[in-house]
Amino acid sequence: MANFTDIEIEPSWQGFLDCIERKGTPERVYFFELMLDPEISDELVKMFHLVDDLDMDAPFFDEKKTYRLQRFLGYDYVRQGVDRLEMPFNRVLIEDTASLERQGGRSFVDESRGPITNWEEFERYPWPDPEAASTKSLEWYQDNLPADMFILGSGGFGHFAEHLTWLMGYETLCYALYDQRDLVKAIAERILEINIVLSRRMLEFDRVKITMAADDMGFKTGTLISPDDLRQFVLPGHTKMTTMAHEAGRKFILHSCGQLEKIMEDLIEDVQIDAKHSFEDAIEPIIEANEKYGDRIAVLGGIDMDFLCRASEAELRARIRNILDECHPGGGFCLGSGNSIANYIPITNYLTMLDEGRRYRPG
Amino acid sequence: MLDAMRNLVIEGKNVDIVSSVNEAIKAGIPVREILQDGLIAAMDEVGQLFERGDYYVPEMLVAARAMKAGLAVIQPHLVENEIDDSGVIVLGTVEGDLHDIGKNLVSVMLEGAGYKVIDLGADVTPEIFASVAREKQAKVVGLSALLTTTMKKMGEVLEAIEDLGIRHQVRVIVGGAPVTQEFADEVGADGYAPDASTAVALVKRMLQV
């Protein structure tokens, strides 16, 4: 594999914003990921000796490590929200099968039953106080992040559909939409109240140029609950978050997995998102998404996760060039995986993706 | 009367369906007719509504719940009338994977279509799939996986079924978020379905019901 550090990238938060705003064909490719699994981050940091000079026990080591890694890989931002709120969910644990195995296993939210299935549990739930949450990491980045990078305000934020499913359990939520709609409504309202505070507090930092909600609303062939129910219980939350971002002069990205075709017009015209992340080939290939929506929003990511795992270097480079040929002109596209750099993605393939993006020059 | 019964299932009325089925039995409608033309026909329509994008997972789940409530009423009569099962289907999520919503949906929709389903749950080893398929003389084995890292286990299940010498008796179908028709072909599965409704149609075609 060619050494992707051969080609240097200067971060540019302004360039990234211009790209999201579709202000013409960017001079270079911009990159975007929801996240890198910690096993991938740690491996890369070790591989490229990015923090050898840092004291692991010194304050803000994680923040320093994160921005160095992001910058090294060619990202223009670090992702940081208000420090994570404690919200207990029912979880199940299983041994990790990834090549970079997660010690202690990988946990998933219980799909069947969450901690709130009735009013008594709703009242008893230890709802967090978002006003009391720390913003130490945001404060550090505000003062110390290199001037050419920005803070992507996100993390524990904007999970309107996800928190409904995680708090109730997806199966319980499905039945509750018929049996206990008032309870679903009450939970949705509580989630919104929390997020309004989180959004306000993130937007107080002027280096937060974009806020991003991460909220999976679909699966392979449709939305997880009906579009009408999403319009009642979920989309008002996203609308509020977008409005708050726009009123503060910032942009709003929605990360959401699954087939969302039935609500895309809502997201673009009513919620008024600026960009959408997460596109997978089995649901909607990024080139098709760009053709359909690219004149109104930016589309981000789109290198199919399964392809990224299994493709040869030549296949990967050819696919990426094709996607860039179609999506890069005019702006409104950032290169990245269809979801995130999970610990089962071969690091060489991930680096190949970044390398091909660095080498690409618009024809 | 059967029209009304079908509508109750389609609308997910799990309480009203009980009295509706009881009334139908009292009125002398054969249980086979109640099952086939009432409950199963309703779930068939629910599947079509899902395929058309008019119904979503919650609507399917509440319809299946109503169907089951109706089925419970006629169950004792079904035994008396010795109505055959349409076939045994063994389902499970492969080893290393705990996600089972999709598989659960396939399970309730297949039951709704009149099949006997043995749901092995999640994190099921290839050997368990194969041995249960042999023991229960399953006609179809359905495998689910959510993760790219676990879907490769599907190939191992096929090998385990081959090793027990029952591959010629069992159709293997696969599904789940990362699974595609291409992957199904690659591992030698007999069919692939992207969602629960399509899985039922696939099984029906395979078993020609």
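Me: What volume does the largest cavity have?

Reply: Rolling a probe the size of a water molecule over the atoms shows where empty space is left. Now the case, which is a predicted model. The largest cavity has a volume of about 60 Å³. The search of the whole structure finds 3 cavities of 30 Å³ or more.

Me: Which helix gives the most to the lining of the largest cavity?

Reply: Helix α6 of chain A, residues 160-168, with 3 residues. The lining includes A:A161, A:L164 and A:T165, and also A:D216 and A:M217. By class, the lining divides into 8 nonpolar, 1 polar and 1 charged.

Me: How do the axes of α12 and α14 in chain A cross?

Reply: Two packed helices are described by the angle between their axes and the distance between the axes. Here α12(A) spans residues 286-293 and α14(A) spans residues 313-327. Their axes come within 10 Å and cross at roughly 5°. The two helices are therefore roughly parallel to each other.

Me: Which residues meet there?

Reply: From α12(A), A:I286, A:I287 and A:N290. From α14(A), A:N322, A:I323, A:E326 and A:C327. These contact residues divide into 4 nonpolar, 2 polar and 1 charged.

Me: Which residues of α1 in chain B are buried?

Reply: An α-helix has 3.6 residues a turn, so residues three or four places apart point the same way. In α1(B), residues 2-10, the buried ones are B:L2, B:M5, B:R6, B:L8, B:V9 and B:I10.

Me: What is the phi of B:G12, which follows α1(B)?

Reply: The phi of B:G12 is positive, near 75°.

Key:
Residues are numbered from 1 along each chain as its sequence is written. Chains are lettered from A and ligands numbered from 1 in the order in which they are written. This is a predicted model: local features need pLDDT of at least 70, side-chain atom pairs count only at pLDDT 80 or more; totals for chains, interfaces and linings use all residues. Side-chain values use heavy atoms; hydrogens and water are left out. Axes are lines fitted to C-alpha atoms, for helices over the stretch in contact, and angles run from 0 to 180 degrees between N-to-C directions. Helices (H or I, at least four residues) and strands (E, at least two) are DSSP runs, numbered from the N terminus. Angles under 35 degrees count as roughly parallel, over 145 as roughly antiparallel, 65 to 115 as roughly perpendicular and the rest as oblique. Contact means heavy atoms within 4.5 Å. Ala, Val, Leu, Ile, Met, Phe, Trp, Tyr, Cys and Pro count as nonpolar, Asp, Glu, Lys and Arg as charged, and the others, Gly among them, as polar. Buried means under 20% relative accessible area, exposed over 50%, partly exposed in between (1.4 Å probe, protein chains only). On a 1 Å grid over the protein atoms alone, a cavity is a set of points where a 1.4 Å probe fits but cannot get out, and a pocket is an open set with protein on both sides within 12 Å along at least five of seven lines; lining residues have an atom within 4 Å of a point. Grid points are joined across faces, edges and corners, and a volume is the space filled by probe spheres set on the points.
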